[in-house]
Amino acid sequence: MPLTFTLDPAVTPALRDGLLDLWTDVSNAGGAVGFVPPVTREDVRPELLRHFAAMSEGRARLLVGRDEEGRVAATAFLTFNTHHLMTHWLWLYTVMVHPRHQGKGYGRDLLAAAEDAARGLGFEAIRLTCRGGLGLERFYASCGYKEVGRVPGAIRVGPGDDRDDIFMLLPLT
């Protein structure tokens, strides 16, 4: 059964808790979403609050995918550029699908929903970064994104474990 996507859902305690659970579970399953396992909800909470602050300031929009039971199953943040020469494209951050739903095509569905949202908001392109060493760039490429840059060893996930920071672009025009 497909996910149901909502752009800019009301931020309720239930949504907040669902996002905390999603981010924690994805991180602990090895997902490249800003943390290295093990993490707790309290480790993730400050980052989520930063995203909420950006939303309240009008700098970001939240896209949420819910499963058939109404649980938060996927998410991405569409973040606007503040530099006046770059307002025609946006960043896609914290792209996540819950581990219990991976392998069902929901990642592609999430990216398609983000693309639709960005187009609907009038943007010409989406940029994102991903952590090297996990094959994420192949997944994004299969969804139409092109690698446009790479910073070798920019992400240190642990002592002696440096990964590339890979920049991807999806033109919308």
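Me: Why is Thr94 called buried?
Reply: Thr94 has a relative accessible area of 15%. Buried means under 20%, exposed means over 50% and partly exposed lies in between, for a 1.4 Å probe and protein chains only; Thr94 is therefore buried. The model is predicted, so that local features need pLDDT of at least 70, side-chain atom pairs count only at pLDDT 80 or more, and totals for chains, interfaces and linings use all residues. Residues are numbered from 1 along each chain as its sequence is written, and side-chain values use heavy atoms, with hydrogens and water left out.

Me: Why is strand E4 described as largely enclosed by the rest of the structure?
Reply: Strand E4 covers residues 89-97, and eight of its nine residues are buried, so the strand is largely enclosed.

Me: How do you know that strands E3 and E4 pair?
Reply: Two strands pair if DSSP finds at least two bridges between them. Six bridges join E3 (residues 72-80) to E4, and the two run antiparallel; within this pairing, Phe77 has Tyr93 of E4 as its bridge partner. E4 also pairs with E5 (residues 125-131), in the parallel sense and over three bridges.

Me: What makes the crossover from E4 to E5 right-handed?
Reply: A crossover has this name if, with the strands pointing away from the viewer, the path from the first strand over the helix to the second runs clockwise. Here the chain passes from E4 through helix H3 (residues 106-120) to E5, and this β-α-β crossover is right-handed.

Me: How many disulfides are there, and how do you know that Cys130 is in none?
Reply: A disulfide is a pair of cysteine sulfur atoms within 2.5 Å. For Cys130, the nearest cysteine sulfur is that of Cys143, 11 Å away, and Cys130 is in no disulfide. The count by this rule is zero. Cys130 is also buried, at a relative accessible area of 5%.

Me: What makes the contact of Asp8 and Arg61 a salt bridge?
Reply: A salt bridge requires a side-chain nitrogen of Lys or Arg within 4 Å of a carboxyl oxygen of Asp or Glu. For Asp8 and Arg61 the N to O value is 2.4 Å, and their side chains meet in a salt bridge. The pair links distant parts of the chain, 53 residues apart: Asp8 is in the loop between E1 and H1, and Arg61 is in strand E2 (residues 60-66). A search of the whole structure finds 15 salt bridges.

Me: Why are Asp8 and Arg61 placed in their accessibility class?
Reply: Asp8 has a relative accessible area of 34% and is thus partly exposed. Arg61, at 23%, is likewise partly exposed.

Me: How do you know that Arg41 and Asp17 form a salt bridge, and what does the pair tie together?
Reply: Their closest N and O atoms are 3.2 Å apart, and the two form a salt bridge. Arg41 lies in helix H2 and Asp17 in helix H1, so the pair ties together parts that are 24 residues apart in sequence.

How values were computed
Helix = DSSP H or I, 4+ residues; strand = E, 2+ residues; numbered from the N terminus.
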